[in-house]
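Good morning, and thank you for coming.

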Amino acid sequence: MPHLTLEYSANLDGRVDMPLLCEELSQAILDTGMFEHGAVRVRALRADAYAVADRLPENAFIDMSFRIGAGRTAADKKRAGTAIFAAANAFLAPLFATPHFALSLEIREIDAELSWKNNAIHPRLRNK
Ligand SMILES: O=C(O)C/C(=C\C=C(/O)C(=O)O)C(=O)O
């Protein structure tokens, strides 16, 4: 993994091209040069039940959680977060035209002792 998971309020359906946003964020992650191509996974999950701020029906959110392996410097983690957040902000700029949207990102480290992986994509992309 690096895993980027976007949770979004269902009222963004039809307003945000989520597959395209996932692709843009995947590219932003790869462009940092910090993550292997075969490891990067990005997805968007829709929240059907939510209550945002003053609960106006037009209030919306996207919360991004980026889970990465341990061992990178604080500066590198900050650089990756800044790049991902900038890409998301640029893509979602139209949503900030009205005061009803909130975007957030958090980076968490995966405990190597308490995680397991088996990735068949690595050999294919490493041999390219
Ligand atoms: O170390 C981790 O679990 C996350 C990671 C890479 C993971 C893979 O390569 C994989 O799951 O195949 C990382 O670079 O942060």
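I begin with burial. Of the 128 residues in the protein chain, 37% are buried, where buried means under 20% relative accessible area, exposed means over 50%, and partly exposed is in between, with a 1.4 Å probe and protein chains only. Please keep in mind that this is a predicted model, in which local features need pLDDT of at least 70 and side-chain atom pairs count only at pLDDT 80 or more, while totals for chains, interfaces and linings use all residues. Residues are numbered from 1 along each chain as its sequence is written, and side-chain values use heavy atoms, with hydrogens and water left out.

Next, the overall architecture. The protein chain contains three helices and four strands; these are DSSP runs, H or I of at least four residues for helices and E of at least two for strands, numbered from the N terminus. Their order along the sequence is β-α-β-β-α-β-α. Taken along the principal axes, the C-alpha atoms fill a box of roughly 50 × 30 × 25 Å.

How much of the contact in the protein chain joins residues at least 24 apart? Among contacts between residues at least 6 apart in sequence, the share is 80%; a contact here means heavy atoms within 4.5 Å.

The surface and the charges come next. The accessible surface of the protein chain is about 7800 Å², and carbon and sulfur atoms account for 53% of that surface; the areas come from the Shrake-Rupley method with a 1.4 Å probe, and for residues only the protein chains shown count as cover. There are 15 positive and 16 negative side chains, with the centres of the two sets 6 Å apart. Lys and Arg count as positive and Asp and Glu as negative, while His and the chain ends are not counted. Each charge is placed at NZ of Lys, CZ of Arg, CG of Asp or CD of Glu.

Let us now look at the aromatic rings. A pair of aromatic rings is described by the distance of the centres and the angle of the planes. Rings of Phe, Tyr and Trp (its six-membered ring) pair if their centres lie within 6.5 Å; planes under 30 degrees apart count as stacked, over 60 as edge-to-face and the rest as tilted. The search of the whole structure finds three aromatic pairs. One of them is Phe-35 with Phe-66, an edge-to-face pair at 5.3 Å centre to centre and 70 degrees between the planes. Phe-35 sits in the loop between α1 (18-31) and β2, and Phe-66 in strand β3, so this pair ties together parts 31 residues apart in sequence. Phe-35 is buried, at 7% relative accessibility, and Phe-66 is also buried, at 0%.

Tyr-50 and Phe-61 have ring centres 6.3 Å apart and planes at 70 degrees, so they too form an edge-to-face pair. Tyr-50 lies in the loop between β2 and β3, while Phe-61, eleven residues away, lies in strand β3. Is Tyr-50 buried or partly exposed? With 32% relative accessibility, Tyr-50 is partly exposed, whereas Phe-61, at 18%, is buried.

Beyond its neighbours within four places in sequence, Ile-29 is in contact with Leu-4, Phe-35, Val-40, Val-42, Phe-66 and Ile-84.

Let us return to the loop between β2 (41-47) and β3 (60-69), where Asp-48 is found. Asp-48 is exposed, at 56% relative accessibility, and its side chain makes a polar contact of 2.6 Å with that of Arg-46. A polar contact is a pair of N or O atoms within 3.5 Å; within protein, one must be able to donate a hydrogen and the other to accept it, and residues adjacent in sequence count only if both atoms are side-chain atoms.

Most residues other than glycine have a negative phi. Ala-53, however, has a positive phi of about 50 degrees, and phi of Arg-55 is near 65 degrees. Ala-53 is exposed at 69% relative accessible area, and Arg-55 is exposed at 64%.

Finally, Asn-119 lies in the loop between β4 (101-110) and α3 (121-126). Its side chain reaches the backbone oxygen of Gly-38 at 2.9 Å, and a polar atom of that side chain lies 3.4 Å from the backbone nitrogen of His-122.
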